[in-house]
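Here's a quick briefing to read alongside the structure.

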Amino acid sequence: MREYTKELNILVQKKSSKELINEKIIVYMEQLYRIIAICLGIPPETFTWEYYNKSKAYCVVGPITPLKFYEDYVKPYCDVENKLCLVNDPRPENPFGLTYTVDCLGNVVGGRRTVYINQKTKDMLKYAAESIKNNEAVWFGCEVGKRYALKLGIQDLRIHDYNLLFGIDINKTLSKAERLTYGDTSMNHAMVFTAVSLDANGDPTKWRVENSWGDDRGDKGYMVMTTEWFEEFGFEVVVDKQYVPKEVADLMKMEPKVLPAWDPMGTLAL
């Protein structure tokens, strides 16, 4: 790909015609597709899904097309057209209550744009809690490694006593917005909220998190995350629009601000 990029860059510098450049792109894409198809195979038009249900009975679905499988078995429970991506970007140049996208983020020709609604963390987690109370798990994005006890499966701001070890605390001088600005934080992992603990006022205090790193960490692969932790290192949740106020959902009608391709909001796209 870098070789092809170099050749295309040379054509641009020579002010070659768009027709010639597009012809070269088609040739290069055909060559890339052939390499990938030989190594990974050509995607089948249909597939068969075999599984055991909760009663240990063997079940089979198919042959079926991916689109038909989504329409029949996924959409009734998770209609992607009704899902909203909410992010928490507290940088002052990106006000809350507006929509954002990231330049060059899309990777499907003719596909949907990735558009974020910028919200305060408290509101994002309120909507996430409402989803869980209705037995709908919530996908979310965060910076996974900070203040994280891996084997215990605990993400909490006080899980490590840095001051005891070093005589100085760390990760305390920069705000969340400043960490984004200075490249100290970004979304780098996605997990799923599956349960939530609420206080007497109905506010979420901690969350059960399903991860994908095996069952030897935490409680058979499940972790505990405090709300305080997410406020610092959580950035994105995906919820159904039924749990979001209409005035927030209607923000999707506005034209989003385009962030540069290297912006940290684009490191984990959905």
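Is E7 buried, partly exposed or exposed? With a relative accessibility of 32%, E7 counts as partly exposed. Keep in mind that this is a predicted model. Salt bridges come up a lot here: the structure holds 16 of them.

**Salt bridge K6–E7**
- E7 pairs up with K6 through their side chains, making a salt bridge with an N to O distance of 3.3 Å.

- D240 and K83 form a salt bridge, and their closest N and O atoms sit 3.3 Å apart.
- This one ties together distant parts of the chain, since the two residues are 157 residues apart: D240 belongs to strand β12 (residues 234-240), and K83 to strand β3 (residues 83-87).
- D240 is buried, with 10% relative accessibility.
- K83 is buried as well, at 18% relative accessibility, because buried means under 20%.

**Salt bridge K246–D250**
- The side chains of K246 and D250 also meet in a salt bridge, at 2.7 Å from N to O.
- D250 comes out as partly exposed, with a relative accessible area of 26%.

**A cis peptide bond**
- Take a look at the link between G62 and P63: the peptide bond there is cis, with omega at about 5°.
- P63 lies in strand β2 (residues 58-64).

**Positive phi outside glycine**
- C104 has a phi near 65°, a positive value in a residue other than glycine.
- You'll find C104 in the loop between β4 (99-102) and β5 (116-118), and it's exposed, with a relative accessible area of 64%.
- R147 is another non-glycine residue with positive phi, this time near 50°.
- R147 is in a loop as well, the one between β6 (138-142) and β7 (148-149).
- Is R147 buried or exposed? At 5% relative accessibility, R147 counts as buried, whereas C104 is exposed.

Technical notes. Residues are numbered from 1 along each chain as its sequence is written. This is a predicted model: local features need pLDDT of at least 70, side-chain atom pairs count only at pLDDT 80 or more; totals for chains, interfaces and linings use all residues. Side-chain values use heavy atoms; hydrogens and water are left out. A salt bridge is a side-chain nitrogen of Lys or Arg within 4 Å of a carboxyl oxygen of Asp or Glu. Buried means under 20% relative accessible area, exposed over 50%, partly exposed in between (1.4 Å probe, protein chains only). Helices (H or I, at least four residues) and strands (E, at least two) are DSSP runs, numbered from the N terminus.
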